[in-house]
Amino acid sequence: MEGFLSDAEVNKLISQIKNGDNSAWEKLYVNYERYIHERVWSRLRKLDMNNEKKTDMAEDLFMAGWQGFVSALKNYNAGKGKLLTYATWYIDGEISREMDILFNPLGLAHRPKKSNFGKNGISMSRVSLEDCDIPANTIREENDKYSINEDTPVGESFSAEQRTLQILDVLKMLTDENVSLTKEELYDILRKYRILKYNNSFIESDNTITSTLERILLELDPLEYDESNDTEYKVKYEGYKEDLLKKKINKEYSGKAPSITGFSYQHTFSNEELDCLIQMICFSDIFSKDEKTRFVKKIVGTASANYRSPFWDGDKLKFNPNAIHGRLSGRMEKDRSLFSKNAKLIQYAINNLGKIHFRFNRYTDEKKLVATSEYVHTLSPYHLVVYHDNYYCIGLKEDDKRIWHYRVDLMSDIEIIKDEDGRIIPIELCGFEGLPIFNENWDPEKYMAEHLYMAYDEPGDIRIKIKNTDYTIIHDWFGDHYDKIDEIASVDDKGNEIHYDIVKVRTSPYMIVHWAMQYGSKVEIMDEDIRIKIYDEVKKVSKEYGLL
């Protein structure tokens, strides 16, 4: 495509990126950033709306396209053809999905052109533009698809029961704790809802809609407000804490009757609770990938159309379910809350291949988190992983060029780094096998086995002597990443024959010292240089306890 890198240039950059060439990554990043903007504006130029509205939409559409590009990078290999062709399919798909949401917030499938709708309507599930009767790539038609035509038949009226259910359906889909609808907005959306679902533009009088709304409030909400029953409200409105509806019904006002407006449906889970539930499922090691996808889809289905999660793109998990190695330990509520906030922000940065700033903390004798120093860390985050009950962010530290591991619950003041124009600063790359792009062969469990206790030092091959009945210890820490290389038989003090095996693991030479001391006589390290370190450490401990 004119003005963009050629296929040969892209393939050359990909080869360099896989070897950790950061300048090659920057070139590819800039090229596709421009390309995605062009794909977005090629769609926006065809829309019949002013430039201010187009500009407002452009950023959301760009972020959607960028998510598509990131997905393409993660799944691309040379056998799948040209990256440009492959990435464009992902980019356009995500842009179309976002436009579907922007133009059709109700998530209703458009009625077929040659079909007679009865009152049963059609499926309420959100459909992609490709599934509708108007082609997704024809933007003018796409824009018209969700507009109300003057020739839409009025049709017959709806019963009071139908009207009540329709209003509740709209409120469930479009409102939540952060988003409400005025009575006027609800009135307009209800008409669109009926046209899209029933091909019927009938709408009741303002008084009828108002009366229905008030009856819904009286039926679903407590009769009188107090702080203890706030969570019992199913539909809130502006002034519900002042019992505005009750005052209106009892005529406890002077002058004009108060207007009841600003309606919002209170879903089963708050947005924060949804975040926590989805994170718990994604980070759990007891569910398969398919189970996680199914569970998260059900949970997201309880929310309004406004809810967004960095772990879910509407159809599938954005999270890498293979990067799981442990369970969430019992933490105090404040710790879980901090972790949830941190994990969500870090995952968003990983999804968008952006750098982060943060401070690192420690606990005090007062059981409080305080910063270890005033130093602000800069990191290119690659993955979130779980290691023996603790969650870690793996990434490249700026000006260090080593892969670092930071405990997520000890991080604070996390910010995604942006330039002066508000664009996310892209991550730096290195020769790390587990880069967040082109990482299809990376094994997170093997990586964590090689970095015992999440140590930073270079892994080495280490020989360990154990009883042939004690392999559970090895498996608990190294998974399947060990090799039996020898067998030894000996006799104990009682004349009993004991069988030992020599196994080889690849892990941290520094932390294996502490690991061997942890298991005492259960394990024996066979490498002489590490045995000396263990001996020195044992002498220090013995001296501390007054044994020397």
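**Charges and their partners**

Reader: What makes Asp188 count as partly exposed?

Author: Happy to start there, with the reminder that this is a predicted model. Asp188 has a relative accessibility of 37%. Buried means under 20% and exposed means over 50%, so Asp188, at 37%, counts as partly exposed.

Reader: Why is the contact of Asp188 and Lys192 called a salt bridge?

Author: Their side chains meet at 3.4 Å, N to O. The cut-off is a Lys or Arg side-chain nitrogen within 4 Å of a carboxyl oxygen of Asp or Glu, so this pair qualifies. Both residues lie in helix H7, four residues apart, about one turn of the helix. Lys192 is partly exposed too, with a relative accessible area of 33%.

Reader: What makes Glu224 and Lys246 a link between separate parts of the chain?

Author: The two side chains meet in a salt bridge of 3.2 Å, N to O. Glu224 sits in the loop between H8 and strand E1, and Lys246 in helix H9, so the pair ties together parts that are 22 residues apart in sequence.

Reader: How do you know that Arg163 and Glu204 form a salt bridge?

Author: Their closest N and O atoms are 3.5 Å apart, and the limit is within 4 Å, so the pair counts. Arg163 belongs to helix H6 and Glu204 to the loop between helix H7 and helix H8, so parts 41 residues apart in sequence are tied together. Both residues are buried.

Terms used: Residues numbered from 1 in each chain as written. Predicted model: local features only at pLDDT ≥ 70, side-chain atom pairs only at ≥ 80, totals over all residues. Heavy atoms only, no water. Helix = DSSP H or I, 4+ residues; strand = E, 2+ residues; numbered from the N terminus. Buried < 20%, exposed > 50% of the residue type's maximum accessible area, 1.4 Å probe, protein only.
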